[in-house]
Amino acid sequence: MTSTTPAPSLPADHPLVTGLTTEAPLLNQYRGGRDAAGNPAAPARQPVWFMRQAGRSLPEYRKLREGTTMLDSCLNPEMASEITLQPVRRHDVDAAIFFSDIVIPLRLAGVDVEIKPGVGPVLGSPVRTLEDVRALPELDEAAFAPIVEAVELTTSGLKDMAAEADRDWVTPLIGFAGAPFTLAAYMVEGKPSKEHLAVRTMMKANTETWNELAAWAARASGAFMRAQVMAGASAAQLFDSWAGSLSRADYLEYVAPFSQAALSHVADLGVPVIHFGTGTSQILDVMRAVVEFARIAPQEPVESGPSVLQAMGEALAAKEEGRTAHDPASLTTYPVLGVDYRMNLREAADQLGAGTNGRRTPLQGNIDPAMLFADAETLHQHVQAVLADGASAGGHVVNLGHGVPPETNPEVLTRVVEQIHSVETHPGQD
C-alpha cells in the first residue's frame, strides 16, 4: 500500500504534518476514498465546497467589503482571512478556498492591474511585445508576506471552528492560482475577452514572445501557490478558466508545458492538486497528465525537460506493454480534476479511466449553477443525479460546475450542503 504521508518539505507546524487536516472528508476523497495511511476508508461525510463561495452572494461579505477595492481586500490579511472563513461558518462546507484573485501575483510584482466592477481584471498597459515581457519584474518571495499572514490567520480560525464543533478533524484550506494561459490571456488582452484573439494570435505568430510570457506567468502562479501551501493550505487548485477556447493540439503544444511548470512549484509538497478549466472535455486527459507529471517537469519548460505529450506517450506505451514508464515516487501523488457543468461526471470518469497510479481519478464538481435558481425539488433531484454520477469516479468532491453566481440566495447553498452531507459514504476501491 502506498503511503500518503505528506512530503518532508512542509513545515513542522503545517496542518498536514501535525495531522489536523489529514483525515478531513475533503482529503479522503482527494485521495480516492483513502485515509492518510493509504487504506480504503469512508469519509465522515460526503465533502462539498463551492468555487466563489466567499463572495458577493453573502451579505456579510458585501458589508465587510464596503469601501474597499477587490485587490486591496485580497491584500489585507485580516479581511482576506475573514472573507475566507465566512462561507465555512455559514454553510459548513468542507473546504475553505483562499480568498484572493488570480491577478494578485501581477499586483505583487508591481504590474498596473485593477479589477473594475462589472468588467474584471484590467491592465494599465497590455503585454504585447517581447520587450513588454522582458520588462516584467520577477516576484520576490518577500512580496507574498500578506498572503502568508492571511493563510496563517485562516488556518488558525479553521482550527478554532473545529474545536467549537468538537470535531477531530479541521476543515482544510485550499490554495489556488490562475493557470499560465488564463493569466497570460488577461495580460495580452489587457482585459477580459470572450474570444482571446490576441493571445491566440501571439502563440503562433510570435511564439518566442508567448513562450517567455507563459514562462513568466508559470513562475508567478507557481510561486503564489507554493506560498499558500507552505503557509498552511492543505491542497492547491490551478484554475484555467479559458483553456476551453483552445483546440487539443494547441493546448498540448502551447499551454500544457507551462501549466506543468506552474504545478512543479507544489508537486514536491505531497498535497492534493486539483486542475480545473471550463469547456475542457476535449483535454481532460491532458489536464490530468499535466498534474501527474508535474514532479518531473522543469520549471523553465522551454529550455529542457520532458513534455506532457512525451510523458503521456511513454505512459501509454508502457501500459500496453504491461510495464511502468515512470518511477511512481517521481509522480504527483494525488491528481484531481475539476469538471464543469457541461460534462456528465460518469462520462468524464469513463473517458479518463485509470491514471498513472492505476486508479480512477478523483473528480470535483459539477452542479449546474443555473439550478441554484430552480425550485427546491428540481434542485434536489439535480444534486442527487450529480452524486450518483460522481460515485463512478475514483473519489468525488461535490462542487459547482463553475462559480457561485452573485445573485444566489445563500440559504439555497446551505440546503444543498445539508442534502449532500446526508448521503451515505463509502470507502475507496483498490
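**Entry 1: T408**

I looked up T408 and found it in the loop between β9 and α17 (410-421). I took helices (H or I, at least four residues) and strands (E, at least two) as DSSP runs, numbered from the N terminus. The model is predicted: local features need pLDDT of at least 70, side-chain atom pairs count only at pLDDT 80 or more, and totals for chains, interfaces and linings use all residues. Residues are numbered from 1 along each chain as its sequence is written, and side-chain values use heavy atoms, with hydrogens and water left out.

Is T408 buried or exposed? T408 is buried, at a relative accessible area of 3%. My cut-offs: buried is under 20% relative accessible area, exposed over 50%, partly exposed in between (1.4 Å probe, protein chains only). A polar atom of the T408 side chain lies 2.7 Å from the backbone oxygen of P405. Next I listed contacts, meaning heavy atoms within 4.5 Å. Leaving aside neighbours within four places in sequence, T408 is in contact with S57, L372, F373 and L413.

**Entry 2: whole chain**

I counted 17 helices and nine strands in the protein. Of its 430 residues, 59% count as buried. The accessible surface comes to about 16900 Å², and 50% of that belongs to carbon and sulfur atoms. These areas come from the Shrake-Rupley method with a 1.4 Å probe; for residues, only the protein chains shown count as cover. I also checked contacts between residues at least 6 apart in sequence: 78% join residues at least 24 apart.

**Entry 3: the sheet**

In what order do the seven strands of the open sheet run? I read β1-β4-β5-β6-β7-β8-β9, with parallel pairing. The edge strands are β1 (96-97) and β9 (396-397), and each pairs on one side only. Two strands pair if DSSP finds at least two bridges between them.

Strand β4 (residues 173-178) runs parallel to β5 (residues 235-240), joined by five bridges. I174 stands opposite A235 in β5. Five bridges also join β5 to β6, again parallel. There, D240 stands opposite G277 in β6.

I then looked at cover on β6 (residues 273-277): five of its five residues are buried. On one side these are V273, H275 and G277, and on the other I274 and F276.

**Entry 4: the hairpin**

Strands β2 (residues 113-116) and β3 (residues 120-123) pair in the antiparallel sense over four bridges. The bridge partner of K116 in β3 is G120. The hairpin has three residues between the strands, and G118 takes a positive phi near 80 degrees.

I defined a nonpolar core as a set of buried Ala, Val, Leu, Ile, Met, Phe, Trp, Tyr and Cys residues joined through side-chain atoms within 4.5 Å. The largest one has 127 residues, and Y30, W49, W210 and Y251 touch the most other members. Helix α11 (residues 207-231) gives the largest share, 12 residues. Beyond four places in sequence, the contacts of Y251 include D240, H275 and M287.

Q228 lies in helix α11. Q228 is buried, with a relative accessible area of 0%. Not counting residues up to four places away in sequence, Q228 touches F98, I147, V151, G175, F176 and A233. A polar atom of its side chain lies 3.1 Å from the backbone oxygen of F224. Q228 and A177 are 51 residues apart in sequence and 9.6 Å apart in space, C-alpha to C-alpha.

**Entry 5: D250**

I found D250 in helix α12 (residues 248-263). D250 is buried, with a relative accessible area of 17%.

**Entry 6: α9 and the annotation**

How many residues of helix α9 (residues 180-189) are buried? I count 10 of the 10, so α9 is largely enclosed by the rest of the structure. Among them are F181, Y186 and E189. Just after α9, G190 takes a positive phi of about 85 degrees.

The unreviewed UniProt entry carries the annotation "domain: Uroporphyrinogen decarboxylase (URO-D)", covering residues 47-56 and 174-190. UniProt positions are in the numbering used here, feature names are shortened, and annotations may be inferred rather than shown by experiment. Residues 47-56 are 0% helix and 0% strand, with end C-alpha atoms 23 Å apart. Residues 174-190 are 59% helix and 29% strand, with end C-alpha atoms 28 Å apart.

Methods: A polar contact is a pair of N or O atoms within 3.5 Å; within protein, one must be able to donate a hydrogen and the other to accept it, and residues adjacent in sequence count only if both atoms are side-chain atoms.
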